[in-house]
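Here is a friendly walk through one protein model, written to be read with the structure open beside you.

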Amino acid sequence: MAFSRVHSLIFIILIFALSTSTLAFYLPGVAPHDYLEGDRVELYVNSLTPIISSATQQLKSVIPYDYYHKKLHFCKPEKLERTSESLGSILFGDRIWNSPYNLKMLKSETCTLLCDEQVPPQDAKFINDRIRENYAINWLIDGLPAARRKKDQKSLSPFYGIGFELGEQPSPEGTPQLYNHYHINIEYHTQDNIHYRVVGVIVSPSSKRGAKCEAQEKLALDETGITNVSYTYDVEWTKSSTAWATRWDNYLHVFDPRIHWFSLVNSVVIVLFLTGMVAMILLRALHKDISRYNQIDAQEDVQDDFGWKLVHGDVFRPPSNSILLAVLLGSGAQLFFMTAVTLVFAVLGFLSPSNRGSLATVIIIFYMLFGSVSGYVSARIYKMYGGESWRKNVFLTAFLFPMLIFSIFIFLNFFLISVKSSGAVPATTLLIIVALWFLVSVPLSMIGSFFGFKKPRIEQPVRTNQIPRQIPDQVFYLRPIPSMLMGGVLPFGAIFIELYFIMNSIWGSKVYYLFGFSSLVFVILTITCSEVTILLCYFHLCAEDYHWSWRAFLTSGASGIYIFLYSIMYFTTKLHITSFVSAVIYFGWTFAMSLMFFVLTGTMGYLACLIFIQRIFKSIKVD
């Protein structure tokens, strides 16, 4: 039996790992754009974002700025037009505009003057500060991001790093130099020398004082006077053998893939260890307990019960604040289904990096649609505990947890508005989110609650005594806080390596696409939360502690606490943030993510523990 489980686990690992090799799978219906010679190739500009410094490997800010921010003084087209963006793209700070760059297929340009700008002292300081914080310019050509050609320091393999620096700072104490000349190398692919497709965009920026591209003197912005800046660019077209279907492969570079495999091995070892522990309890200790209890019941002599059977009259007693527990479990079930279905779509290739913001958009849509799951689960649990305030349960399920996350979102949005960041969500987008919440999620949650309350109450295998049993003093490691901390560390240990790459993707403006690995880690996380909660729950019952409901939720949910502690370590080691607003944005969002992870994993542990307790008490004979 154990041998077959190991083979099944290895088979699942291979399936998910192989799915990560499909790097550039496109959404159905997305077709390549064929250009003819001389056709205009649009260059779009996006928000400026901070990137991880190649020298220090640290991030210095988390605030994006609009490309046409008035203090940046970039050249504007005669008619400024904004492109349509998805909901997820807007929430992640994308602000895509047209540009004055005039690119035509196969038409090279040399030192073309774009415009002249005058930068006043206060704006020069703003730009220099952004250069010191290692901000990058983001362009889009035919859906591909402009990049710089880089080399992996470990494998020495070349790849395209998305975005290119706003400028450079020769030394920590030196004066920043603004890049004002861009050499644009556009790679194209053709099969018939008539139709051409863009398959790569490489930008090499440089700093030139004046409008002459051969100038050797660097451009440094004067913070005490007005600086004249001339923006120029070159265009070069390079034929490439890269096919359009695989053009993203150069951008989606895996840094040291052995780390991902080590993450999987680490997670699998934890799961196998816990599986062995649970199997030992279920097959040996628990089986012996059930046999012994049933043999005692069959004897005529009256003998005292001992072990976990002692709490049979209290184990299904409704916990305190059962309505709050039911609401949190409903929200956790909603997050679980949202995460699982999103990962399925991602693994199948439906969330292409060419469709900007598709991941965030799909997450929001599925969260709204699975409001029905939240209402159903909350109603079933609340009814199981004999709750009578069904109206209160329906209302809290639909509004409590979403309102908490939305309040954090609004709070952080005010900070982004205060620094005029492009990450500040517009009022129209906020109205769309509120409309989705009230018109989709809330009605579905109420429909789920209706069907949940309509179902018959979940019957427990044993009756509950009227007088609660006194709980003896517990040893130190079985008390609430120590057991929570012990239970939360194992689920965190199963995911913390992959969590590092996810954090780099979120804060370092990188594309995360290894959904095969993350899907397998999510499966392992679910198993780990279930097994560690069952283990600790069994120990608590053997110690005659029947307050398992909240304990089960908090035990596996405590991994969210470790997520937040990890984010603090990440902040001190990988970030070099001195801005108060950046720190507030970082800790605000990591707290929201840790809170959602807390509710998600807590729900996993509680439901596994509920099923476990129902099964074991159903197996014994109780008068």
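## Two crossing helices

The axes of α5 and helix α14 (residues 580-618) cross at roughly 100 degrees and come within 8 Å. That angle makes α5 roughly perpendicular to α14. On the α5 side, the contact is made by Leu325, Leu328, Leu329, Ser331, Gly332, Ala333, Leu335, Phe336 and Thr339. On the α14 side, the partners are Met596, Val599, Leu600, Thr603, Met604 and Tyr606. Please keep in mind that this is a predicted model.

## The protein as a whole

Let's step back for a moment. The secondary structure of the protein comes to 14 helices and 14 strands. Of its 623 residues, 53% count as buried. The accessible surface comes to about 29200 Å², and carbon and sulfur atoms account for 62% of that.

Contacts can also be sorted by how far apart the partners sit in the sequence. Among those between residues at least 6 apart, 81% join residues at least 24 apart.

## A covered helix

How many of the nine residues of helix α12 (residues 549-557) are buried? Eight of them are, so this helix is mostly covered. The buried residues of α12 are Ser549, Trp550, Arg551, Ala552, Phe553, Thr555, Ser556 and Gly557.

If you look around α12, you will find what covers those buried residues. The cover includes α5 and α14, along with α10 (480-507), α11 (515-542) and α13 (559-574).

## A buried tyrosine in a loop

Is Tyr101 buried or exposed? This residue is found in the loop between α2 (87-91) and β3 (103-104), and at 2% relative accessibility it counts as buried.

Leaving aside residues up to four places away in sequence, Tyr101 touches Arg40, Leu43, Tyr67, Leu114, Trp139, Tyr182, Ile184 and Tyr233.

## Salt bridges

Side chains of opposite charge can pair when their charged atoms come close. Counting side-chain nitrogens of Lys or Arg within 4 Å of a carboxyl oxygen of Asp or Glu, the total comes to 14 salt bridges. One of them joins the side chains of Arg197 and Asp34, at 2.6 Å from N to O. Arg197 lies in strand β13 and Asp34 in the loop between α1 (2-19) and β1 (40-41), so this pair ties together parts that are 163 residues apart in sequence. Arg197 is partly exposed at 28% relative accessibility, and Asp34 is partly exposed at 33%.

Arg132 and Asp129 also meet in a salt bridge, at 2.9 Å from N to O. Both lie in helix α3 (residues 121-132), three residues apart, which is about one turn of the helix. An α-helix has 3.6 residues a turn, so residues three or four places apart point the same way. Arg132 counts as partly exposed at 31% relative accessibility, and Asp129 does too at 22%. The pair belongs to a network of salt bridges that links Lys125, Asp129, Arg132 and Glu223.

Another salt bridge is formed by Arg82 and Glu85, with their closest N and O atoms 3.2 Å apart. Arg82 is partly exposed, with a relative accessible area of 39%. Glu85, at 18%, is buried, because buried means under 20% relative accessible area.

## Two asparagines with positive phi

Most residues other than glycine have a negative phi. Asn193 has a positive phi of about 60 degrees although it is not a glycine. You can find Asn193 in the loop between β12 (181-189) and β13 (197-206), where it counts as exposed at 53% relative accessibility.

Asn321 also has a positive phi, near 55 degrees. Asn321 sits in the loop between α4 (257-298) and α5, and at 54% relative accessibility it counts as exposed.

Which residues make the nonpolar surface patch of about 340 Å²? They are Val344, Phe345, Leu348 and Phe350. Leu348 lies in the loop between α5 (322-347) and α6 (358-369). With a relative accessible area of 51%, Leu348 is exposed.

Notes
Residues numbered from 1 in each chain as written. Predicted model: local features only at pLDDT ≥ 70, side-chain atom pairs only at ≥ 80, totals over all residues. Heavy atoms only, no water. Patch = residues over 30% accessible without salt bridge, like charges linked within 9 Å, V, L, I, M, F, W, Y side chains within 5 Å. Areas by Shrake-Rupley, 256 points an atom, 1.4 Å probe, with all protein chains shown as cover. Helix = DSSP H or I, 4+ residues; strand = E, 2+ residues; numbered from the N terminus. Buried < 20%, exposed > 50% of the residue type's maximum accessible area, 1.4 Å probe, protein only. Axes fitted to C-alpha atoms, helices over the stretch in contact; angles between N-to-C directions. Parallel < 35°, antiparallel > 145°, perpendicular 65-115°, else oblique. Contact = heavy atoms within 4.5 Å.
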